[in-house]
Amino acid sequence: MLSIIASIMHIYFLQHTPAQGPGRLADWLDSMGHSFNTRPLYSGELPPPQLHDFDALIVLGGAMDIHDDNAHPWIRRERKLIDRVLKSSKPLLGIGFGAQLIADALGAIVSRSTQPELGWHRVTRSDRCDLDLPESFDAFHWHRDIFGLPEGSTPIGASEASPVQGFSWDGARVVALQCHLETTRSWLNDCLAGADDSVHELAGPWVQSFDEMRDSQRRLDRLAPTLDRLMTDWLQPFMY
């Protein structure tokens with residue numbers, strides 16, 4: 001009984017826009033019996049949680065710039081929380097905008113890419129990757145910014161548009177992913193519905209039409225177990 005109780009974790013999501021929620025991450029946590037809360041930072045009503053409020057932190061995506069403190073004052077407090085988690089022993093996962101915040105906190109350069117990457121594109125696993133991921137897989141991408149590898153980190157993989165699709169740090173306690181493994185049908189619909197005019201104007205070799213993005217049931221079916229493998233590998237060392 002004690003080991004079962006110890007294996008249950010409480011996770012906090014930091015959400016930056018209504019269009020990019022936890023998606024399949026919440027489904028996986030439910031299926032494993034973990035509890036979670038979501039803090040909608042974009043509402044401006046509540047500050048980020050405190051370090052003692054959670055066992056693990058997941059920082060979700062968003063379309064804002066990581067240093068746009070004037071438009072989004074909560075980013076400054078969020079950066080402080082991420083710094084505290086990095087200095088702690090608690091697991092931390094960042095996706096998209098969240099991954100960029102982690103990369104920046106670890107000293108990597110975050111910048112605007114010359115080619116935006118939107119839609120379904122293949123990620124090839126790095127030979128150095130220390131996470132349980134397939135050798136290659138199709139993932140959903142929704143970003144214009146890219147980041148480099150922080151010192152002491154291990155690359156996860158690359159796509160044609162982005163040589164760094166993510167990294168792990170501190171023995172994979174910290175994971176940053178540029179792509180969105182949490183994508184589900186409803187998450188995808190919300191993301192596309194929440195796109196502003198600037199997104200509709202984007203073009204390039206790695207920008208798909210919204211119709212192409214929606215025609216993706218097979219990719220969604222294959223993506224689900226990829227996320228499951230990653231989450232199990234990421235949290236398993238902290239569950240006992």
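## Strand pairing

Two strands count as paired if DSSP finds at least two bridges between them. In this predicted model, strand β3 (residues 56–59) and strand β4 (residues 92–95) meet that definition, with three bridges in the parallel sense. Within this pairing, V59 has G94 of β4 as its bridge partner.

## Overall form

The protein chain contains eight helices and ten strands. Its radius of gyration is 17 Å, close to the 18 Å that the globule rule gives for 240 residues, so the chain is as compact as a globular protein of that length. Along the principal axes, the C-alpha atoms of the protein chain fill a box of roughly 55 × 40 × 35 Å.

## The seven-stranded sheet

Strands β3 and β4 belong to an open sheet of seven strands, ordered β2-β1-β3-β4-β10-β9-β7, in which the pairing is mixed. At the edges stand β2 (35–40) and β7 (154–155); each has a single partner strand, so one side of each is left without a neighbour in the sheet.

Helix α3 (residues 74–87) touches β1 (10–15), β3, β4, β9 (166–169) and β10 (174–177), and its direction makes about 140° with that of β3. Helix α4 touches β3, β4, β9 and β10, with its direction at about 120° to that of β4.

## The three-stranded sheet

An open sheet of three strands has the order β6-β5-β8 and antiparallel pairing. Its edge strands, β6 and β8 (157–158), each pair on one side only. Between β5 and β6, which run antiparallel, there are eleven bridges; in one of these, G119 is partnered by H141 of β6.

Helix α4 packs on this sheet too, touching β5 and β6, and its direction makes about 60° with that of β6. Helix α5 (residues 185–193) lies across β5 and β6 and runs at about 30° to β6.

## The largest pocket

The largest pocket has a volume of about 320 Å³. It is lined by 24 residues, of which Q20, G62, A63, W142 and R144 are the closest to its centre. By class, the lining divides into ten nonpolar, ten polar and four charged residues.

Elements that each supply at least two residues of this lining are α4 (97–105), β5 (110–125) and β6 (136–147). The most comes from β6, which gives four residues.

Note on methods:
Residues numbered from 1 in each chain as written. Predicted model: local features only at pLDDT ≥ 70, side-chain atom pairs only at ≥ 80, totals over all residues. Heavy atoms only, no water. 1 Å grid on protein atoms, 1.4 Å probe; cavity = no way out; pocket = protein on both sides within 12 Å on 5 of 7 lines; lining within 4 Å. Points joined across faces, edges and corners; volume = space filled by probe spheres on them. Nonpolar A, V, L, I, M, F, W, Y, C, P; charged D, E, K, R; others polar. Contact = heavy atoms within 4.5 Å. Axes fitted to C-alpha atoms, helices over the stretch in contact; angles between N-to-C directions. Rg over C-alpha atoms; globule rule 2.2 N^0.38 Å.
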